[in-house]
Amino acid sequence: MKRIINEMKLRLPAISVNEAVARSVVSVFSAELNPTTAELGDLRCAVSEAVTNCIVHAYKDLPEGEVGYIYISVRLYDTREISVEISDNGCGIEDVERARMPSYTTGESGERCGMGFLVMESFTDFLSVKSRVGRGTTVLMRKILGP
């Protein structure tokens with residue numbers, strides 16, 4: 001049975017500069033498990049995609065001057081597994097399966113790069129997306145490190 005050896009929680013305003021902050025904090029915190037450069041790069045990319053979703057999509061309908069928050073929870077396990085949960089209290093996703101399609105976006109019609117779930121999935125060993133319209137979205141990612 002795996003055991004949590006360390007964990008942290010972080011709350012950041014959903015503004016663009018905090019994408020780099022979240023990516024850096026998660027990678028530095030995860031360094032305790034001594035991941036390879038490639039494993040760390042995978043984790044950083046997945047976190048970046050999830051946080052960018054919060055910034056670009058979750059709070060797009062907030063009135064001018066208001067800012068939502070991104071909540072990040074990271075757990076390190078004695079099995080060399082990293083669990084990262086990124087959530088928001090934003091608009092939510094009406095159809096999660098559709099949102100996982102590569103070209104889906106809630107942005108303007110010219111923006112067709114999608115929400116990055118495929119990218120997150122390709123860089124992690126497990127991805128779960130749960131969302132409720134008007135309540136927010138939670139993305140759970142797990143990365144299992146090599147021996």
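What follows is a chat about a predicted model, with its strands, salt bridges and a surface patch.

Biologist: Before we start, what should I know about the model and its numbering?
Modeller: It is a predicted model, where local features need pLDDT of at least 70, side-chain atom pairs count only at pLDDT 80 or more, and totals for chains, interfaces and linings use all residues. Residues are numbered from 1 along each chain as its sequence is written, and side-chain values use heavy atoms, with hydrogens and water left out.

Biologist: Okay, strands. How does β1 pair with β2?
Modeller: Strand β1 (residues 4-13) runs antiparallel to β2, with 9 bridges. Two strands pair if DSSP finds at least two bridges between them. Strands (E, at least two residues) and helices (H or I, at least four) are DSSP runs, numbered from the N terminus.

Biologist: Which residue in β2 is the bridge partner of Lys 9?
Modeller: That's Ser 73.

Biologist: And how many bridges are there for β2 and β3?
Modeller: There are 7, again in the antiparallel sense. Ile 72 has Ile 86 in β3 as its bridge partner.

Biologist: What's up with Arg 80 in that hairpin?
Modeller: The hairpin of β2 and β3 has 3 residues between the strands, and Arg 80 takes a positive phi near 65 degrees there. Most residues other than glycine have a negative phi. At 22% relative accessibility, Arg 80 is partly exposed. Buried means under 20% relative accessible area, exposed over 50%, and partly exposed in between (1.4 Å probe, protein chains only).

Biologist: Where is Asn 34, and is it buried or exposed?
Modeller: Asn 34 sits in the loop between α1 (17-30) and α2 (37-58), and counts as exposed at 61% relative accessibility. Asn 34 also has a positive phi, about 55 degrees, without being a glycine.

Biologist: New topic: how many salt bridges are there?
Modeller: The count comes to 7. A salt bridge here is a side-chain nitrogen of Lys or Arg within 4 Å of a carboxyl oxygen of Asp or Glu. Side chains of opposite charge can pair when their charged atoms come close.

Biologist: What does Glu 19 pair with?
Modeller: Glu 19 meets Arg 23 in a salt bridge, at 2.9 Å from N to O. They are 4 residues apart in helix α1, so about one helical turn separates them. Glu 19 is buried at 15% relative accessibility, while Arg 23 is partly exposed at 22%.

Biologist: And which residue does Lys 143 meet?
Modeller: Asp 42, in a salt bridge with 3.1 Å from N to O. Lys 143 is in strand β5 (residues 136-144) and Asp 42 in helix α2, so the pair ties together parts that are 101 residues apart in sequence. Lys 143 counts as buried, at 8% relative accessibility.

Biologist: How far apart are the closest N and O atoms of Asp 61 and Lys 60?
Modeller: They're 3.4 Å apart, in another salt bridge. Asp 61 is exposed at 61% relative accessibility, and Lys 60 is partly exposed at 38%.

Biologist: Which residues are linked in a network of salt bridges?
Modeller: Lys 2, Glu 81 and Arg 142.

Biologist: Last one: which residues form the nonpolar patch on the surface?
Modeller: Ile 15, Val 17 and Val 67, with about 230 Å² of accessible area together. Patches take residues with over 30% relative accessible area and no salt bridge, joining nonpolar side chains (Val, Leu, Ile, Met, Phe, Trp, Tyr) within 5 Å and like charges within 9 Å. Accessible areas come from the Shrake-Rupley method with a 1.4 Å probe, and for residues only the protein chains shown count as cover. Val 17 is in helix α1 and counts as exposed, at 53% relative accessibility.
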